[in-house]
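Q: Can you walk me through this one? I'd like to start with the aromatics.

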Amino acid sequence: MKLLFGNKKDDLLSRLKKQDPAAQKVFYDQNVKKFLSVSRSYISDLYQAEDCLIKAFCKIFKNIESFRSEGSFEGWARRIVVNECLNFIKSHKTVFYLDDINQSYLEEIHEEDVVFDFNAQELLDQLPDAYRMVFNLYVFEDYSHQEIADALQISTAVSKTQLFRAKEKMRKIYFQQQKALKNEHY
């Protein structure tokens, strides 16, 4: 396939716009792992994440003519994956956003005792959907709180609260994992 496209993104894009199945396969093969990781960061169930990804690829190929070359094509496609995941979550689950911030406590762990051996996907999977959506949009997609509020139809205060809670929950889960690892080694 490399000879067919000569590693030129413009050539691949022009062939994608012509609905060339070989170009679609190349694009799919180049991006499926990366986009599945994006999908999994929003949806903890692997099969549902894969379903969203398949729908996203179909939308990418179907709507390729709407790409205006104002940014990277990969970024445009990634946004379709993210939007497909958000639409899935909105339509299949009830997500509650709570406005009040509970006081959290930080566990005492000495820095030298922390082992940096963890799986980020496992941490994300343990977050409630509302926390995970806001966290992913803010951290991975670089959305502002206003953009998150608009996308999820919530207030900016709720977006900030959910981000705060997501970070606290991830920190708590991480420290619990570290304690368990520490206890296993002693």
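**Aromatic pairs and burial**

A: F73 is buried, at a relative accessible area of 14%. Buried means under 20% relative accessible area, exposed over 50%, partly exposed in between (1.4 Å probe, protein chains only). This is a predicted model: local features need pLDDT of at least 70, side-chain atom pairs count only at pLDDT 80 or more, and totals for chains, interfaces and linings use all residues. Residues are numbered from 1 along each chain as its sequence is written, and side-chain values use heavy atoms, with hydrogens and water left out.

Q: How many aromatic pairs does a search of the whole structure find?
A: Twelve. Rings of Phe, Tyr and Trp (its six-membered ring) pair if their centres lie within 6.5 Å; planes under 30 degrees apart count as stacked, over 60 as edge-to-face and the rest as tilted.

Q: What about F35 and F57?
A: Their centres are 5.9 Å apart and the planes sit at 45°, so the pair is tilted. F35 is in helix α3 and F57 in helix α4 (residues 46–62), 22 residues apart. Helices are DSSP runs (H or I, at least four residues), numbered from the N terminus. Both F35 and F57 are buried.

Q: And F73 with W76?
A: Stacked, with 5.6 Å centre to centre and 25° between the planes.

Q: Switching topic: is S41 buried or exposed?
A: S41 is buried, with a relative accessible area of 7%. S41 lies in helix α3 (residues 21–42).

Q: What is S41 in contact with, leaving aside neighbours within four places in sequence?
A: Q121, L124, R132 and N136. Contact means heavy atoms within 4.5 Å.

Conventions: Helices (H or I, at least four residues) and strands (E, at least two) are DSSP runs, numbered from the N terminus.
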